[in-house]
Amino acid sequence: MPDTLTRIALARRPHGLPVPEDFSVETGALPEVGEGEVLVAVTHLSLDPYMRGRMDDVKSYAPSVEIGGTMTGQGVGRVLKSRADGVSAGELVTGMTGWASHALLPSAGLRKLDDRLPASTALGVLGMPGLTGWVGLKEYGRPKAGQTLVIGAATGPVGSMVGQLAKAAGMRTVAVAGGAEKCRLAVETYGFDAAVDHRAHRDAASLRQALAQAAPDGVDIYWENVGGKLLEAVMPLMNVGGRIPVCGMISWYAGMDGDGSDRLPGLWRSVLVKRLSVNGFIIFDHWDRLPEFLAEVTPKVASGEIAYLEDTAQGLETAPAAFIAMLQGGNTGKQIVAL
């Protein structure tokens, strides 16, 4: 068994987009395993946009990462040592390992994985992002055949899950993605009916014209995970009775240009006159749905009915650079780090 733990720590609070100097690589001895605990050798880490919010010292739905603390996140790995009933050395598990080579975790926070699918799927299509798309669409999107869905970051793990589930429900699906290649993937890999390249449009007005062509009957579900000019572009296209599940706003995670108050009255009026349902949700409030989600979606992933893509960086030390690039749309598919 190795005797050294390597981790990526938060060196300082970022201002705007993170930079490499906001992180540090730390090493230390492996921790002792206590009663009811498990020591895991991490093989894969998940990088997700929500982690940018955890780097700030602000009150939110989850604690901030402390200066010098290990960057938070979900990982997959093999059990090296266990002092917990029902968990044995060698088993493949997932839990909140953080950005580290090893993690000491209570057994109650672990989920055993099936070796028949790649371990990394537990971090993406069959993990928190996949569950987010599945729960949000069912509970707050309420898909109806013949209606239209628009979603940003459409080739990411949440967007691709939402798009495929909505298409299966009989909806017209419109992807918004960054660049021609991602738009191609949205249509050819994930089955979206149309794709709009937001990078080809300087402002919301231009983007709105392209969306209006792709969604000629208006928008019934706008899945909000981007914010920014996409939100501004799509709001006038919303149909009466439209639904807006809100699970993120990646374009604003590094800070907003102004407070948006000059446009807020118009947005709020649209919510009223179009009788829109706008629902913010945090997936950790719905974690009890995970078994139901896995039972329904795992066979579809195994059969290829639900497609997924992963973008894998190699080595723990690459995590900061991969994370910074992901926040700017540099990844294709779910961003993973393989250790």
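Is tryptophan 99 buried or exposed, and what is its relative accessible area? In this predicted model, tryptophan 99 has a relative accessible area of 0%, so it counts as buried.

The whole structure contains 7 aromatic pairs. In one of them, phenylalanine 23 and tryptophan 99 are stacked, with 5.8 Å centre to centre and 15 degrees between the planes. This pair joins distant parts of the chain, 76 residues apart: phenylalanine 23 belongs to strand S2 (residues 23–29), while tryptophan 99 sits in the loop between strands S5 (92–95) and S6 (102–106). Phenylalanine 23 is counted as buried because its relative accessibility is 9%, under the 20% limit.

Tryptophan 99 also pairs edge-to-face with phenylalanine 323, at 5.5 Å centre to centre and 75 degrees between the planes. Phenylalanine 323 lies in helix H9 (residues 319–327), 224 residues from tryptophan 99, and is buried as well.

## Nonpolar cores

The largest nonpolar core comprises 53 residues, and Trp99, Phe293 and Phe323 have the most contacts inside it. A second, separate core has 25 residues, including Ala204, Tyr222, Val226 and Leu276.

## Helix H2

Helix H2 spans residues 128–141 and is mostly covered, with 12 of its 14 residues buried. Among them are Met128, Trp134, Leu137 and Tyr140. Just after H2, arginine 142 adopts a positive phi of about 50 degrees.

## Threonine 148

Threonine 148 is part of strand S8 (residues 148–151). With a relative accessible area of 3%, threonine 148 is buried.

Conventions. Residues numbered from 1 in each chain as written. Predicted model: local features only at pLDDT ≥ 70, side-chain atom pairs only at ≥ 80, totals over all residues. Heavy atoms only, no water. Core = buried A, V, L, I, M, F, W, Y, C linked by side-chain atoms within 4.5 Å. Buried < 20%, exposed > 50% of the residue type's maximum accessible area, 1.4 Å probe, protein only. Helix = DSSP H or I, 4+ residues; strand = E, 2+ residues; numbered from the N terminus. Phe/Tyr/Trp six-rings, centres within 6.5 Å; stacked < 30°, edge-to-face > 60°.
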